[in-house]
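Biologist: Let us go through this model by question and answer. Keep it brisk, please.

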Amino acid sequence: MSFVRELWLFMRVRKKFWLLPVIVMTAAFGGLIVLSKGSAIAPFLYTLF
């Protein structure tokens, strides 16, 4: 969790709040990739793309 805290402090001090949506979307797509690897949810995720 220290990484997340340091990232937040960096964005707050340097006024780089535009990075937050980029990081959130990257994490969301990463989660979709992890869920699609050999799980029962995979057929439902393939219909999204």
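**Helices and contacts**

Biologist: Which residue just after helix 1 takes a positive phi?
Modeller: This is a predicted model. Just after helix 1, the backbone has a phi of about 60°. The residue with that positive phi is K15.

Biologist: What span does helix 1 reach from its first C-alpha to its last?
Modeller: Helix 1 covers residues 2–14, which is 13 residues. At 1.5 Å a residue, 18 Å is expected. The span in the model is close to that, at 18 Å.

Biologist: Helix 1 and helix 2 pack at what angle, and are they roughly parallel or antiparallel?
Modeller: Helix 2 runs over residues 19–36. The axes of helix 1 and helix 2 lie 11 Å apart, at an angle of about 150°. Angles over 145 degrees count as roughly antiparallel. Helix 1 and helix 2, at about 150°, are therefore roughly antiparallel.

Biologist: How many nonpolar residues are in the contact of helix 1 with helix 2?
Modeller: Helix 1 brings L7, F10 and M11. They meet L19, L20 and I23 of helix 2. The contact has no polar and no charged residues, and the nonpolar count is 6.

Biologist: Which residues form the aromatic pair, and is it stacked, edge-to-face or tilted?
Modeller: The count comes to 1 aromatic pair. W8 and F17 form it, 5.9 Å centre to centre. Stacked needs planes under 30 degrees apart, edge-to-face over 60. The planes of W8 and F17 are 55° apart, so the pair is tilted.

Biologist: Is F17 buried or exposed, or partly exposed?
Modeller: Buried means under 20% relative accessible area, and exposed means over 50%. W8, at 38%, is partly exposed. F17 has 41%, so F17 counts as partly exposed.

Notes: Residues numbered from 1 in each chain as written. Predicted model: local features only at pLDDT ≥ 70, side-chain atom pairs only at ≥ 80, totals over all residues. Heavy atoms only, no water. Helix = DSSP H or I, 4+ residues; strand = E, 2+ residues; numbered from the N terminus. Expected span 1.5 Å × (residues − 1). Phe/Tyr/Trp six-rings, centres within 6.5 Å; stacked < 30°, edge-to-face > 60°. Buried < 20%, exposed > 50% of the residue type's maximum accessible area, 1.4 Å probe, protein only. Axes fitted to C-alpha atoms, helices over the stretch in contact; angles between N-to-C directions. Parallel < 35°, antiparallel > 145°, perpendicular 65-115°, else oblique. Contact = heavy atoms within 4.5 Å. Nonpolar A, V, L, I, M, F, W, Y, C, P; charged D, E, K, R; others polar.
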